[in-house]
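Work through the exercises below with the model open. Each task is followed by a solution in steps.

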Amino acid sequence: MKEFSVRRYPVVAIFVIVLLAIWIKALLLMFDSSLKQSAENNSRRRIVQYPSRGIIYDRDGNILVCNEAAYDLMLTPHQMQEFDTAMLCADLSITKEEVESRILKAKKYSMYRPSIFMKQIDSKVYAQMQEHLYRYPGFYVQNRTLRKYNGGIAAHVLGDIGEVSEAQIEADPYYQSGDYVGKSGVERGYENILRGEKGVSFYLVNVKGVVQGSYEDGKYDTVAIQGNDITLTISSELQEYGERLMANKVGAVVAIEPSSGEVLAMVSMPTYDPQLMVGRVRGKNYDSLLRAPYKPLINRAVSSTYPPGSTFKVAQALVALQEGVITPNQSFPCDKSKVGCHNHPTPTSVSMGIQMSCNPYFYFVFRRLVQRGLDRNIYKDAAIGLGLWKEKIETLGFNHAFNVGVPGVNKGQIPGPDYYNRLYGEGRWAFSTIYSVSIGQGEVLVSPLQMANYASILANRGYYITPHLLKQINGEDYEGEMAQKVVTPFDRKYFDICVEGMDWVVNKPGGTGHNAYIPGITVCGKTGTAQNPHGKDNSVFMAFAPKEDPKIAIAVYVENAGFGGTWAAPIARLMMEKYIKGEISDPNLEQRILTTSILPNATR
Amino acid sequence: MQQGRRNNILFNIDWVIVILYLALVFMGWINIYSAVYDDTHQSILDTSCQYGKQLIWIGAAIGVIIIVLLIDSKFYSTFAYVMYVLGCLLLLSVLLFGKEVNGAKSWFEIGTFRMQPVEFAKIAVCLALARLMSSENFSFKVVRNYMYVGIILGIPMLMILLQNDTGSALVFCTFIFVMFREGMNKVLFVSAFALIFLFIFALLVETSLLMLIVGLICVIGMTMLCGRNKYTRIVLYSAVAYSLVAVVLCILSPELAEKSINFAMIGYGAISLLMLVMFFISKMKPILFAMILMIGMGGFVYSVDYIFNNVLQEHQRSRIMDLLGKNDDVLGTGYNVHQSKIAIGSGGMLGKGFLHGTQTKYKFVPEQSTDFIFCTIGEEWGLLGITVILVLFGILIVRIINKAERQRSVFSRIYGYGVASILFFHVAINIGMTIGLAPVVGIPLPFFSYGGSSLWAFTILLFIFVRLDADRLQVFR
């Protein structure tokens with residue numbers, strides 16, 4: 001068979017070619033970078049180290065929000081062995097069926113990866129079950145932190161945290177599914193300050209997801225940076241007092257320190273205990289609060305806008321004086337044929353107009369502002385006049401959303417020519433159509449925060465610092481863009497005239513706000529009784545005190561409470577006295593306010 | 001002196017093969033160690049671990065080698081049929097009393113000791129085949145002899161197939177190389193090869209594309225056979241032009257690509273017709289031959305495709321696709337190959353280093369110490385390791401063939417070819433399947449894969465040849 005010995009060459013050739021083909025294919029695999037990526041994804045696990053969130057203090061250094069240890073009971077199903085189910089049930093106070101369904105859920109997720117068996121067990125329960133933990137193989141406890149809200153106050157200011165939404169993850173790559181993020185209040189407003197910086201550790205895992213060691217000796221790991229502690233401008237004493245005074249009433253109180261723009265108190269009623277929004281009960285409580293009457297989740301102090309009522313008259317006076325359409329000693333008759341009024345002497349000056357809160361007086365003031373005779377056509381004239389007025393009045397912080405530090409700030413509304421053109425059509429409205437604006441009714445909408453800031457401008461006689469809630473970051477004074485000084489274009493002398501009127505409102509007979517009188521302190525204020533299409537009038541009061549060197553400016557809204565002087569004024573008075581003096585000189589008044597319930601019938 | 005040298009086996013055995021063997025076994029053990037290594041088992045002699053056990057197998061294999069070398073070389077040819085019968089009985093008994101592992105009933109279990117008879121059956125078949133084909137009147141010119149070879153191969157193959165161990169059964173196909181060397185009809189050899197390749201590629205590659213390739217090969221072959229003839233050149237150019245147009249059209253329009261099967265058919269018909277015309281004008285035989293070949297191959301490809309898609313049931317289809325490793329489901333059947341490719345691909349040029357492979361060490365690749373041991377090599381030693389191992393196997397196989405050619409005894413030569421073919425098939429298919437080039441059939445990588453049966457079987461297989469080779473000068477003397 002020697003004749004076939006030449007056939008060894010094709011055989012060897014086939015063998016060599018096939019081995020060469022294998023070598024080339026292996027070479028191609030080496031250059032396939034996607035395989036390298038898959039290899040890393042396979043075996044590299046990224047584990048996030050969560051930083052502890054910053055602590056929130058009040059202006060006096062009291063802790064408002066801190067972190068509390070909580071424990072998640074984790075379960076790795078494949079490590080589980082027989083255990084005393086009854087004991088676990090007793091430890092966690094859950095039923096046997098619940099234990100079984102939770103185990104099933106964990107198994108469904110993964111046999112090898114740990115999942116949360118029960119989340120956010122509080123430290124008392126944990127302390128109790130810790131001793132038994134070794135009897136439950138496969139179970140272990142993972143520490144985490146929960147927010148703890150002290151004192152149960154300022155729910156709307158502090159807000160809460162919750163799991164980050166899909167939209168937020170898309171907007172900011174920092175967040176990942178399951179992260180906790182501020183949902184409302186300053187928790188959300190100062191999220192970037194409070195949250196800190198997440199750290200990342202890379203581990204090598206095997207096919208079952210069990211960690212085998214650190215990746216490249218931790219070369220790519222980053223350390224979590226703790227969140228910054230912040231100090232709020234809120235005085236928890238004043239806040240707590242305000243919440244007590246407003247109990248069983250619907251409305252809002254905002255108090256500002258005029259010289260700094262710091263918000264001393266921000267009360268929105270009804271409120272709730274912020275601790276309700278923590279931990280396992282959050283979902284349930286959130287739902288019930290969402291359905292509760294008077295919508296306690298709304299921060300009325302910044303999000304609700306109301307007609308300012310007569311408090312607006314001071315602003316009208318300021319604009320009219322500055323625009324030169326009236327003189328300080330302007331007199332208008334109390335002509336009740338146009339707008340209604342109560343019985344009082346004829347005001348013979350601007351200050352008296354404010355003191356007596358004479359509706360016809362400001363009807364005429366506003367008419368002069370709107371119908372200035374700049375155009376023969378009264379419609380065009382009204383549009384020009386209203387435009388000039390809007391420009392001026394907005395400098396007082398109206399129609400502007402302040403970056404106060406909490407979300408949901410409503411900018412309110414100042415109607416201008418465009419607004420009425422849309423509403424009635426161009427050239428189809430004039431002063432006679434819109435006169436209710438003169439006394440802060442109709443289309444004018446102001447939030448309690450804006451109202452307090454407006455009081456603050458009057459207290460400062462011409463400027464304001466943007467109201468803000470952030471005082472310090474990590475103990476260092478905050479001087480950021482949130483606290484800018486804004487000067488209004490009104491002369492000091494006109495402020496003096498208006499402030500004089502506000503003084504008389506409280507301190508002179510015939511003034512509408514004598515309920516705000518504090519012995520020994522000159523309170524300047526202005527009442528408002530805003531008509532409310534939904535029911536009884538809203539009671540409004542804005543004030544500052546003392547007249548010279550003001551320490552506090554305040555706005556009080558009580559929904560459906562009637563005349564401004566009756567409810568809002570005494571609440572403002574008690575708040576101011578509490579803040580300035582630290583004690584109340586009229587315990588009877590205090591008692592009356594504390595015990596009065598003014599809940600509107602309508603569940604809005 | 002001369003006499004003494006002849007008598008001393010140590011001087012006569014081929015030390016190159018022995019050293020290659022030892023090198024491969026050592027590298028195999030190193031990689032098993034790495035594949036199963038973890039921090040909890042530090043001692044290399046820990047017999048509770050696979051590498052510890054493998055070390056025992058290796059030690060025992062040395063003893064086996066000594067026994068194999070001490071037995072007289074005439075024993076192997078004399079008792080070839082006896083061993084064949086024993087081997088078949090072993091296969092039969094494993095079919096009756098064996099234990100099922102991973103769906104294949106191919107294991108004997110005696111206590112904790114497990115053995116796979118199929119590995120040893122390969123030796124017996126190789127010996128029996130060598131005995132048959134070396135008998136004096138044997139010639140492939142006699143058709144009856146094909147039948148004898150078929151019976152020798154068929155009986156064990158059938159029993160292995162019944163064990164549901166398709167991979168091992170396929171190993172016996174490798175003896176076609178031995179038969180070819182010993183005078184098998186070359187047309188038969190080429191067409192057997194062509195049919196196997198066409199069958200596999202008909203399922204792996206787009207039918208139309210395969211037909212284009214087949215057509216082009218035929219036309220180019222025809223051109224080479226006819227030389228520089230203007231008629232054949234016309235056919236060649238038109239075939240190339242047609243293929244180019246078809247490929248470009250398919251790339252440009254996906255709708256056309258879907259209908260490209262029709263394209264291929266039309267082109268096929270047109271070129272065949274052209275060839276027929278050419279044949280009648282020029283009367284050149286190769287043109288007719290190429291035409292018949294082309295139509296035959298095209299028909300075969302098309303019918304495979306048709307039967308696969310229209311006649312076979314869904315589960316049969318998926319079984320075949322699994323066998324071909326063509327299943328795209330990376331979490332299901334395709335998982336092994338996908339993970340294996342990831343492991344090898346992540347190794348890079350020089351690998352991640354000994355014990356530093358993450359994919360294999362953290363058990364992403366299943367069967368990594370047995371059938372997929374090559375992944376560990378690829379990941380930890382990179383292209384360098386792969387090259388070294390392929391080269392070593394290549395040298396071993398080529399050396400065995402060269403040695404076989406030098407034999408005076410036909411039995412030794414045929415046996416040598418058998419050894420080379422078996423080794424080649426195992427290496428090619430095992431490595432091929434880890435890199436996604438061959439269907440995933442569970443056959444071990446010689447000397448590397450964990451397991452006493454396979455290590456011993458390959459050792460015996462190789463060293464019987466070493467023994468026969470050592471005696472090559474004594475034959476006819």
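**Exercise 1. Find the partner of A:Arg59 in a salt bridge, and say which parts of the chain the pair links.**

Solution. This is a predicted model.
- Step 1: A:Arg59 pairs with A:Glu257, with 3.8 Å between the closest N and O atoms. The cut-off is 4 Å, so the pair counts as a salt bridge.
- Step 2: A:Arg59 sits in the loop between E2 and strand E3 (63–75) of chain A, and A:Glu257 in strand E11 (residues 251–257). They are 198 residues apart.
- Step 3: Check burial, which requires under 20% relative accessible area. A:Arg59 has 18% and is buried. A:Glu257 has 16% and is buried.

**Exercise 2. Describe the salt bridge between A:Glu187 and A:Arg53.**

Solution. 
- Step 1: The N to O distance is 2.9 Å.
- Step 2: A:Glu187 lies in helix H8 (residues 185–189), and A:Arg53 in the loop between strands E1 (44–49) and E2 (56–57), so the pair ties together parts 134 residues apart in sequence.
- Step 3: Both ends are buried: A:Glu187 at 0% relative accessible area, A:Arg53 at 8%.

**Exercise 3. Trace the salt-bridge network that includes B:Arg413.**

Solution. 
- Step 1: B:Arg413 meets B:Glu182 at 3.0 Å, N to O.
- Step 2: B:Arg413 is in helix H21 (residues 410–434) of chain B, and B:Glu182 in the loop between helices H10 (175–181) and H11 (186–204), 231 residues apart.
- Step 3: B:Arg413 and B:Glu182 are buried.
- Step 4: The network also takes in A:Arg8, B:Arg181 and B:Glu405.

**Exercise 4. Compare the end-to-end span of H20(B) with that of a straight helix.**

Solution. 
- Step 1: H20 (residues 373–405) of chain B has 33 residues, and a straight helix would reach 48 Å at 1.5 Å a residue.
- Step 2: The end C-alpha atoms are only 32 Å apart.
- Step 3: Look for a bend. A kink of about 130 degrees is centred on B:Trp381.
- Step 4: Of the 33 residues of H20(B), 24 are buried, so the helix is largely enclosed by the rest of the structure.

Note on methods. Residues numbered from 1 in each chain as written. Chains lettered and ligands numbered in written order. Predicted model: local features only at pLDDT ≥ 70, side-chain atom pairs only at ≥ 80, totals over all residues. Heavy atoms only, no water. Helix = DSSP H or I, 4+ residues; strand = E, 2+ residues; numbered from the N terminus. Expected span 1.5 Å × (residues − 1). Bend = angle between axes of the 7 residues up to and from the residue. Buried < 20%, exposed > 50% of the residue type's maximum accessible area, 1.4 Å probe, protein only. Salt bridge = Lys/Arg side-chain N within 4 Å of Asp/Glu carboxyl O.
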